[in-house]
Structures are given as structure tokens and as C-alpha cells.
Amino acid sequence: MNALAARRRHPAAIALLLLLGLILTGVAYSTFAPKQADAATAAASSVEEGKKLFLANCATCHGLQAQGTKAGPALPGVGAAAVDFQMGTGRMPMAAPNVQAPRADEVRFTQEQISAVAAYIASLAPGPAVPDAEYTTGEGGDVALGAELFRVNCAMCHNFAGSGGALTRGKYAPALRDIEGKHIYEAMVTGPQSMPVFNDDNISPEAKNDIVAYLHEVDKQENVGGMALGNLGPVSEGLFVWIFGLGIMVGFAVWLGRKAA
Amino acid sequence: MSEHDTPHGEVVGTGDGYGSTAVRLDQGHVEGTGGLPARFEDPGLPPHVARMADLDEKGAKRAEKQVAALFGLSSLGTILFIVAYFAIDPEKSGFIPGIGNASIYNVVLGITMALALLGCGVGAVHWAKTLMPDSESVEYRHTQRASDEDRQRVVTNLMDGGEKAQLGRRPLIKFSLAGALALPPLAILLPLVGGLGPLPKDQLSTTMWKKGDRLVRDPERTPIRADQVTIGSVFHVLPESIKDSEHVLEDKAKAAVLLMRLNPEDIKPQKERDWGHEGIVAYSKICTHVGCPVGLYEQQTHHLLCPCHQSTFDVTQDCKVIFGPAKRPLPQLKITVDSEGYLVADAPFREAVGPSFWERGSA
């Protein structure tokens, strides 16, 4: 204990203490944080069932008739594909109003429940349907053509390697790593949030399949270098070099200039 | 207390074990006489501080071991590098703590090479700092001016040479030589300036777009019907005539166009509505700042963003600049539909697309 007391004024003491405090807080939070209550487990794919689920989970923001409120847009005409995308990727229901609905790892509804809500929304007005599985797996797609289509149509927001990027006022284009082909297809057809629509007349279903094939190919690609640093290009790499590269060089310069003891 | 009073600024011993030059706190600020002395005294070298290795043979031995260990580490790094070069499969990747999934081959080669180089360098510096001679020495600079005789001899030689070459007597040679020496740099400058390439003529001001040119998708180059462009859609468009282009990349870099469909009520200027077709509007995709492709279209806010410097254009206001370094709005391409319902250009771009250039003028 004496050794510890003697070192309490060491310059590293404050940093160590902060680190310890952060770790303790994190552990305590993950232990005591309230767990997500399981959503209703009723399973039915009828429009009626979908309406019930809609009223219970979505109507607060989207209105009782899905007519939209200040907090959420009107839904007639968005189609089953939009519902399948938004709920299937965990974006909806949103935890709180925000500039953009973030993707959630935990999807709170079963595929059957999502399909039921989708059927209900699709019954309000015609819209894009959930795509045919033939074009959403990327199988047999032309990866090179998909890459060209991706660079022309998608890369300016989502980055050439699908790493995502920033938009205005806190909005962003999400990263496209390890996303199910169906959801990539649905996002193109429905244009969720800030994303424009790429309907089947713009990019044909076969071409969409090529894009999915390209993105899946990127997922499979081995990282040949060291740290990817988010694949964000010169910004993150430059920051890393400025902090660590220059830091190490300054450290060496100080050591070189100091007389040996 | 009076023995410590130092009204004239000289430092006296404090007599409390801190040495004769220590200044006591209660002496406070000592007032000087002001002004600079005519000449500063050479303060000499600071007292020599002996190193551990100089005082103690054990310390020297330890330093020697440390240097040897660093050199040994360097050799080990080189050996491991060679082993890894042959032993590790370059295609293999695996999980590396702190990095994630990465090529083990590259990471191991990098680390072993760092050991090899750093061990060598750090060892050498440590050796120099701990064991090599550590005595301070001063070498004064000698005068650089040559002796008077030497200077005089150079001048005499030059004058003598000029005299013997008859420079003074034969002005014709003197002046023609001056010309011969002054002109040759032109032979170097001329190809340099000429090599800058032909003048651009009107190539910077014009694009491939002309009246009746169909709008086609990039990269498929298929024509677009007006009814295919739904609200919220964005199409990346080229002129159909790009297929006849001899310099596809150059022409594409100027002619690239972004096609969007807005709700016609959202469009504010009448000109934008008139130049479009039922809410379908076409704008140059080349940023007016430095020519990046402005491709980030937010379909809810109708903002167009340039990925390079975040210039933001408002599509509802004729692509006016609302943020960022761009100075001019994106030029609009006037479009209409042909007899088969395909979108065509109704006129070429009225102004030069892309960034400013010398001959562009203010228009």
C-alpha cells in the first residue's frame, strides 16, 4: 500500500484512474441495465393480425390509419418491401425520434409478424412488393458489372467498398457490410429515408442481383493489410499517422536529445 | 537577516545547505541596472556530469549488455523475417488481436522487419549515448577570408587571361559571345512551353449534349422513358451520342448528368419547371467548385451533396448553392420527351459545366 501511496502523484495515475472508472461504469451498466422485454409472440400472417401489430407498435408515430403524423410519415403506398426492410433490419420501431433510424442488431419481431404488418400496409395502397428470392441472393450475378453499377449509382454515398459515409445534419449512408441480399434489394426499390429510389426500370432486377453479388463479394474479401481503420480512406489513416506515427517520432526525438544517465 | 540584504544584485550564500549560488525565496526580485553590457562573457561549458557507465564498471557492463541485446533482437527479427517469408502462406488470413482479421503474412513480415531495423538503430544510439566518449570539446572556427596575396593573385590572373584572349581589343567577339551565351536557354524553354499541349479551344465550354440527344443510363446506355422516372428516383445519365465519342472518359467527365423527379409543387423557380418535364429535372453532375461528381442526393430534403468538399445544392431552388465552397449553381439541362416517350435534351447546356477556368468569364 505504501508503494501505491508513493505513486499517487505519478502523471499516469489520473489516466489509470479514469480508465478504471470507465471500465467499472461499463460493467455495472451492462449488469443492471433493463433488458428488452420480449415482443408479443403471436404468429399470424393475415392482414387482421398485421393491423393489430401495427396499432400496438407503429400507430403512435404513423397514426391509427397509417396516415402519418408529425413524428412519422404516411405509409399507404410504401409497399410490403418498405415494411420488410425497415422492420427486418431492426430500424423500426424506432426507439426515439431522431434524424435517422439506425440499423439494430436485434430484430424485435419474427419474420411472420413482419410479413403480417407488411401485408396490412400493402393492403392500404399498392406499392413495391417483397422481391422475388431469385434476384436477391446474388447467386450467378456478374460481380464486375455489379461493381460498375455500384460505383455509378451507390458509391458516392455508401463508399466504393460499401463502408458508408456522412450526409448532412447528422444523417449518414450506412455501411453495407454483411447485409442480407433481400434488404439491399428492398432498400433500392423503396428508397428508405434519405436514399433515393432505384426502381426496377432504373436498375433492372438482374442488375440489382449483380449489385448484391458485388457486395457479397466485398464481404468475403480478405483484409490483406493491417488495421482497416474503417476503410474510410485518407481521413482515418491520416489521423492515425498524425497521432501514432508522429507521436512515436517525437518520442524518439526526445530520447535522442536526452543525455544518458 | 541583514547579511542577506543584497541591494546591488549580487548573490550571496544563504547558508542553509543549498549551495553558495542558491537564491532564497525571501530575496524576491533583484533589480538590475538595466541596459545590455557591451560584450557578453563566454559562460563556458556547463559542468560535466559523469554517466553511470563512466563511474562504475558494472554500469558500463550493463550498458554493453543492453546494446548487445538490442543488436541481437535485430538479428532475431531478420531471421524471423526470413523464416516467415518462406513459412507463412501469403493467402492465409487470421484473427490478430487489436487488428482483427488480417493477412498474417503481411503483419508478421511488418513486425519482424520493424524489429530488425529498430533493434539496429536503437542499439546504435544507445551505444553512442552510454559508452562512446562523452567529453565536451570546443573547436573554434577559423577565419574564412583568404590572405591578401591570394586575393590579389586571383585578380591578376583574371585580368591577365582577359588581356591574352584579346577580349578588350576585339569587341565583335565579346558581343557575339554574349549573344551566344544568352540565347541557348530558349532552346530549353520552347519545348517546355510547347509541351504544355494544344490550346483547349471551346472544349471546356461545350459538352456532347445537343438538341434531340436521348438521355441514357450510365453504364448500360439504355434510353429512359419519362414514366420510368418515379418520384424520389435518381438516374445517372449520359448522352446517347457518347457511343460515338472518341474520347469517352473526357466526354463523360463533362456530360455526366443527374436526373431526378420531384413533386412539381416542390420546385420553386418557374425556369426549373419549364426546363424539366412534369417534375423531372436534369442537372450537370460536375461540381462547379473543382469538378467532383455531385452524386449524393437526399430524396427527402432534395439536397445534392458533393462528396469532395461538401458543397450542397438545393434541387428545389434550381440547384442553388446552400453550403460549401462552390460559387455557382449546377447548370440545368433543358429536357423534353420525343415522339416515343423517351427523354431527350431540348438544348445543349447554356453555360459551361464544371469548375471555373481562365476564359470562362463570369457567365
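Chain A holds 11 helices and 2 strands. The model is predicted. Along the sequence, the elements of chain A run α-α-α-α-α-α-α-α-β-β-α-α-α. Of the 261 residues in chain A, 31% are buried. Contacts that reach across the sequence are also counted. Among contacts in chain A with a separation of 6 or more, 68% come from residues 24 or more positions apart.

Chain A also touches chain B. Here 26 residues of chain A are in contact with 33 residues of chain B. Two helices of chain A, α7 (143-153) and α8 (155-158), each supply at least two residues of the side that touches chain B. Helix α7(A) gives the most to that side, with 4 residues. The table sorts the residues on the side of chain A that touches chain B.

| Residue class, chain A side | Count |
|---|---|
| Nonpolar | 13 residues |
| Polar | 10 residues |

Chain B contributes a sheet to the picture. Its 4 strands form an open sheet, ordered β7-β8-β9-β10, with antiparallel pairing. The edge strands of chain B are β7 (296-298) and β10 (320-323), and each pairs on one side only. From one strand to the next, the twist averages 30 degrees. In general, strands of a sheet pair through backbone hydrogen bonds, either parallel or antiparallel.

One pairing can be followed in detail. Strand β9 (residues 312-314) of chain B is joined to β10(B) by 3 bridges, and the two run antiparallel. Which residue of β10(B) is the bridge partner of B:T312? The partner is B:F323.

Key: Residues are numbered from 1 along each chain as its sequence is written. Chains are lettered from A and ligands numbered from 1 in the order in which they are written. This is a predicted model: local features need pLDDT of at least 70, side-chain atom pairs count only at pLDDT 80 or more; totals for chains, interfaces and linings use all residues. Two strands pair if DSSP finds at least two bridges between them. Axes are lines fitted to C-alpha atoms, for helices over the stretch in contact, and angles run from 0 to 180 degrees between N-to-C directions. Two residues are in contact if their C-beta atoms, placed from the backbone, lie within 7 Å. Ala, Val, Leu, Ile, Met, Phe, Trp, Tyr, Cys and Pro count as nonpolar, Asp, Glu, Lys and Arg as charged, and the others, Gly among them, as polar. A residue is buried if 20 or more other C-beta atoms lie within 10 Å of its own, exposed if 12 or fewer, and partly exposed in between; C-beta atoms are placed from the backbone.
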